[in-house]
Amino acid sequence: MAIGVRTEELRKIYTAPPPAASAGRGMAVPFRSRRRDGAPKFEVLALDGLSLDVRPGELFGLLGPNGAGKSTTVGVLTTRIRPTAGRAWIGEHDVWRTGVAVKRLIGVVPQRPNLDFSLTAREILLFHGAYFGIPASVRTARAGELLERFQLADRADQLPLGFSGGMQQRLSIARAMMHDPHVLFLDEPSAGLDPQTRLLLWEIVREYHRRGRTILLTTHNMEEADALCERVAIVDHGKLIALGSPGDLKRSVPGGFVIRLQVQPRPPALLRQLERLTGVTEARPVGENILDLYADRGGALIPEVINIALLERVAIHDVHISEPSLENLFLHHTGRSLRD
Amino acid sequence: MNGKTFLALLARDAHVARRNFLPLLLQTLLQPMLLVFVLGRVLTGSGMMPAAYKSMLLPGIIALSMLLAGIQAVAMPLIAEFQFTREIEDRLLAPIEIEWVAVEKVLSGMIQALLAGLVVLPAAWLLLGKGVALQFDHPFTFLGVTLLVALLSSAVGLTLGCSIGQTQIGLMFSLVLAPMIFFGCTYYPWSALASFPILKRAVLANPVVYASEGLRAALVPRLPHLPEVAIFAALAAFDLFFLLFGLHRFRRKSVT
């Protein structure tokens with residue numbers, strides 16, 4: 001039976017720098033408050049009332065820039081991070097109160113491989129199976145299959161210290177699947193993978209999902225969220241910004257296309273004129289000399305835009321057209337690009 | 001508690017220890033053997049020390065070896081595994097309360113400390129040559145003391161392993177372990193501190209004192225040593241303290 005994942009008003013404030021690997025590379029910007037004695041106190045707000053509801057058997061994506069709170073969410077759901085407030089459940093099990101039951105149900109692929117470097121690749125899988133009480137004959141067979149599947153069979157009896165990043169990542173995923181968990185967490189699974197390995201990973205994730213397993217993956221890669229996920233939650237600064245299927249989310253961006261113009265100068269009349277163009281839903285100033293046009297057309301609008309610019313005596317230094325994408329959605333909601 | 005998981009964790013540590021058997025053996029034997037040779041052979045052989053010193057020295061050396069073995073078996077891997085690689089994570093995610101992961105470490109450290117004692121005792125005895133008079137007529141005292149010393153070593157290892165960063169390992173040896181060993185009555189009995197009254201009282205706060213004196217009480221009971229009741233009470237109290245404090249540190253360290 002498939003199992004869902006739920007969080008309710010999760011908040012997490014770090015009062016000490018979190019260990020790099022568990023909290024992810026991209027940490028939110030620390031803000032400093034003053035203690036009563038006036039000494040500055042380290043505080044980072046990582047989650048700000050995040051509520052999620054991942055359906056049983058769903059392939060769900062958490063999308064956001066570095067420091068958005070994705071890894072912290074995964075950390076809370078996998079018993080590794082204690083939330084400051086709020087609750088989380090895996091199926092019917094409260095993550096904080098029934099940690100052991102939760103650990104039985106989940107498999108975790110961390111952002112950075114945390115393999116047991118004292119063991120060989122095969123032993124890592126075998127001991128992991130043993131921790132979960134899998135009988136010896138079953139775990140030997142399963143470890144063999146996974147090593148084959150993840151193209152690690154020829155290095156199976158070596159210590160993983162000498163493995164490439166991609167191989168370590170593959171071994172991490174194999175380990176997480178070793179006990180056949182009901183819910184699989186993948187924290188930035190394809191970061192640092194070459195395109196070929198990424199495709200292998202996607203195939204494996206889809207296959208695992210087809211078996212009725214729930215998968216929650218985090219990514220800051222639009223393409224990945226778009227290609228894999230049934231539903232995507234877009235998070236930024238620990239808050240939920242948008243939620244829906246990738247298709248619905250993309251359609252929710254006014255117009256769909258975003259044309260970013262770099263202009264000099266930027267008189268108010270220019271904005272008004274541009275907004276009057278057919279197909280343009282919104283003209284929004286961004287930086288001092290930058291403005292974004294949300295429109296239902298891309299390149300076809302450019303001649304008209306240039307005409308208006310000439311009339312208003314504005315020089316256009318740069319034009320960038322992006323097609324309907326989750327990237328544009330993020331831009332629309334936060335005013336920032338995901339890659340900023 | 002989940003017995004299968006606990007045994008699997010123990011099997012993992014045993015497997016890693018077996019793989020490193022030779023370096024572990026050398027690490028366990030070399031320092032005690034050097035001490036035994038210099039203090040027990042060179043100094044007594046040249047007449048600077050009486051031959052009876054050999055019997056005094058041996059229990060202290062065993063205490064020292066067991067302590068170092070247990071502390072290193074627990075603290076060193078923990079320090080490494082809690083660093084940025086977070087190698088310990090796969091065990092923290094095993095279906096067992098995280099406290100039991102720490103208890104397993106302590107048990108595995110105890111076993112290694114006992115094995116170290118078992119190896120060093122005959123080796124040092126052989127190296128000391130003639131004139132060592134150990135008595136084994138107090139087997140229960142011996143068993144009790146060695147178990148408590150083994151637990152002490154791995155519980156201290158747990159506390160240190162969860163309190164110290166990788167860059168402070170050198171400091172741990174020079175600032176924590178060295179004073180504990182030299183003021184731990186390993187090379188001399190507690191009664192030898194009679195002419196240093198303040199020091200004599202101060203070292204009673206050092207758990208190593210009870211380990212050395214305890215092994216003396218068990219192996220050479222005719223020589224001066226602290227009363228057995230005091231030894232057992234102090235060792236039990238220190239064991240409990242370091243175990244609970246170590247578990248507390250472990251919990252703090254493993255959940256953000």
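How far apart should the ends of helix α6 of chain A be, at 1.5 Å a residue? Keep that in mind as you start the tour. Note too that this is a predicted model.

**Stop 1: helix α6 of chain A**

Select residues 165-177 of chain A. This is helix α6, with 13 residues. At 1.5 Å a residue, α6(A) should span 18 Å.

Ten of the 13 residues of α6(A) are buried, so the helix is largely enclosed by the rest of the structure. Colour the buried ones: Q168(A), Q169(A), R170(A), L171(A), S172(A), I173(A), A174(A), R175(A), A176(A) and M177(A).

What covers them? From chain A, the cover includes β7 (106-109), α4 (121-131), α5 (136-149), β8 (183-187) and α7 (195-210). Chain B takes part too: its α4 (89-92) is included in the cover.

**Stop 2: a residue on α7 of chain A**

Stay with α7 of chain A and pick L199(A), which lies in that helix. Is L199(A) buried or partly exposed? L199(A) has 13 C-beta neighbours inside 10 Å, so it counts as partly exposed. L199(A) and Q151(A) are 48 residues apart in sequence. In space, their C-alpha atoms are 13 Å apart.

**Stop 3: where chain B meets chain A**

Show both chains. The contact takes 21 residues from chain B and 27 residues from chain A. On the side of chain B that touches chain A, α1 (3-19) and α4 each supply at least two residues. The largest share, seven residues, comes from α1(B). Colour this side of chain B by class: it has eleven nonpolar, three polar and seven charged residues.

**Stop 4: two helices within chain B**

Select residues 139-161 and 207-219 of chain B. These are helices α6 and α9. They pack at an angle of about 160 degrees, with their axes 9 Å apart. That angle makes α6(B) roughly antiparallel to α9(B). The crossing of these two helices is left-handed.

Now show the side chains at the contact. From α6(B), pick T141(B), F142(B), V145(B), V149(B) and L152(B). From α9(B), pick P207(B), A211(B), G214(B), L215(B), A217(B), A218(B) and L219(B). Which classes do you find at the contact of α6(B) with α9(B)? Ten residues are nonpolar and two are polar, with no charged residues.

Note on methods
Residues numbered from 1 in each chain as written. Chains lettered and ligands numbered in written order. Predicted model: local features only at pLDDT ≥ 70, side-chain atom pairs only at ≥ 80, totals over all residues. Helix = DSSP H or I, 4+ residues; strand = E, 2+ residues; numbered from the N terminus. Expected span 1.5 Å × (residues − 1). Buried ≥ 20, exposed ≤ 12 C-beta atoms within 10 Å, placed from the backbone. Contact = placed C-beta atoms within 7 Å. Axes fitted to C-alpha atoms, helices over the stretch in contact; angles between N-to-C directions. Parallel < 35°, antiparallel > 145°, perpendicular 65-115°, else oblique. Left-handed = near helix turned anticlockwise from the far one by under 90°. Nonpolar A, V, L, I, M, F, W, Y, C, P; charged D, E, K, R; others polar.
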